[in-house]
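Hi,

Here is the structure I said I would pass on. Have a look at it first, and then read my notes below.

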Amino acid sequence: MANQTLDAILNVEAATGPFSVPDAVLEQTLRDFIQLQSNTIAIATDLVGVRSVPWLEFTWYTGVNGTFDYPLDDVALTDPTKVGTANYSTKLEKGQGRVTFLDAVRLRGETWENIDRQQLAIVRGRADKIDNKILTDLMAGAPSGNDVATGGAGDATKKWGGTGADEEGNVLSAMDNIFANAKVSGNEPLAMVVPADKRSALLNTTLYGNVVESLADHLARIASLRIYYTRDIGSGSAMVNDALLMVPGAETAEFFTYNGEGFQETELTRIPGLGFDWMLTSYMGSVVHEHQDGAGAGENNRLAKITTVR
């Protein structure tokens, strides 16, 4: 079993349907394949910490200010910190993917091709939902005081790619806001999420000093900045018309999936005379971690928006 390909696992006798008799191992294999693939192709899972948890709701308490006093007299004691009740929470919510594998597909000799495409539809659909959830929370968690305006709201030429745009200056200003306000060392690598239709603005080459390179390569070299592109843009989307600069990692935000007991993650059901109905259920959620760095509730100074880039 461990050495079989997914094709071999799923390609069984026509008499028992495309999945054979319901088998917990086969269903687990398909579930793990879909969840792993969707986490892999989602861009936002590269920006935050990702872990599986045995709970659906959790509360973090932030009402403690840690201190370290130095130097102290040999017979002195440091003062205790005050314990408070400031806190924030997250809740994992239900998501489902569902597909029907038709007997007719098998009869026409298209089993693997068809199943593969249907699986990929669930994979991509789940990845899109993961990206939307994480990016929506990250954008909401960026303090307005860290915002950098391109000027594109009043002058279209200042949108990225326009004749009056200053893409490098916008990014460097947002970078300064993060390192000035967040509890960071000042040496952390950065990540930026940009609307996909502004890719050319960052890949267009220019002369920096005596080096001809794109702005994306220039920023990677001078600031350890990695760029991710997203199509989750426009009215009602996660990014709308903005870009997001951030310090990536679990200290900024996390994405959770539930792996405890209490529900059936995969269900394979025979539809008489038609085929097999397959369903994947997963509980997911994310959180922007709060730090005692002056940011408001639900916000983190490790995040900064660059507004109206498109």
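**What I found**

V287 is buried, with a relative accessible area of 5%; buried means under 20% relative accessible area, exposed means over 50%, and partly exposed is in between, using a 1.4 Å probe on protein chains only. Before going on, please keep in mind that this is a predicted model, where local features need pLDDT of at least 70, side-chain atom pairs count only at pLDDT 80 or more, and totals for chains, interfaces and linings use all residues. Residues are numbered from 1 along each chain as its sequence is written, and side-chain values use heavy atoms, with hydrogens and water left out.

Back to V287. This residue sits in strand β13, residues 275-288 (strands are DSSP runs of E, at least two residues, and helices are runs of H or I, at least four residues, both numbered from the N terminus). Leaving out neighbours within four places in sequence, V287 is in contact with W60, Y88, S89, T90, T252, A253, E254 and F256, where contact means heavy atoms within 4.5 Å. V287 and G49 are 238 residues apart in sequence, and their C-alpha atoms are 9.9 Å apart in space.

Next, N300. You will find N300 in the loop between β13 and β14 (303-307), and at 0% relative accessibility this residue counts as buried. Its side chain reaches the backbone nitrogen of R302 at 2.8 Å. Not counting residues up to four places away in sequence, N300 touches G141, P143, E251, T252, V288, H289, H291, D293 and A295.

**Salt bridges**

How many salt bridges does a search of the whole structure find? There are 7, a salt bridge being a side-chain nitrogen of Lys or Arg within 4 Å of a carboxyl oxygen of Asp or Glu. Side chains of opposite charge can pair when their charged atoms come close. I'll go through three of these bridges.

In one of them, the side chains of D277 and R98 meet at 3.0 Å, N to O. D277 lies in strand β13 and R98 in strand β4 (residues 93-102), so this pair ties together parts that are 179 residues apart in sequence.

Another bridge joins D103 and R270, with the closest N and O atoms 2.6 Å apart.

E251 is in strand β11 (residues 249-258) and R302 in the loop between β13 and β14, so to speak distant parts of the chain, 51 residues apart. R302 counts as buried, at 6% relative accessibility. Both partners have come up already: E251 is among the residues that N300 touches, and the backbone nitrogen of R302 is what the N300 side chain reaches.

**The largest pocket**

The largest pocket has a volume of about 290 Å³. A pocket here is an open set of points on a 1 Å grid over the protein atoms alone, where a 1.4 Å probe fits, with protein on both sides within 12 Å along at least five of seven lines; lining residues have an atom within 4 Å of a point. Grid points are joined across faces, edges and corners, and the volume is the space filled by probe spheres set on the points.

The lining has 16 residues, and K94, G95, Q96, K129 and M284 lie nearest the centre. β4, α4 (111-140) and β13 each supply at least two lining residues. By class, the lining has 3 nonpolar, 7 polar and 6 charged residues (nonpolar is Ala, Val, Leu, Ile, Met, Phe, Trp, Tyr, Cys and Pro, charged is Asp, Glu, Lys and Arg, and the others, Gly among them, are polar).

**Backbone details**

A cis peptide bond joins Y70 and P71, with omega about -5 degrees. P71 is in the loop between β2 (57-61) and β3 (87-91).

V240 is not a glycine, yet has a positive phi of about 55 degrees. V240 lies in the loop between β9 (225-230) and β10 (243-246).

Definitions and conventions:
Polar contact = N/O pair within 3.5 Å; in protein donor to acceptor, adjacent residues only side chain to side chain.
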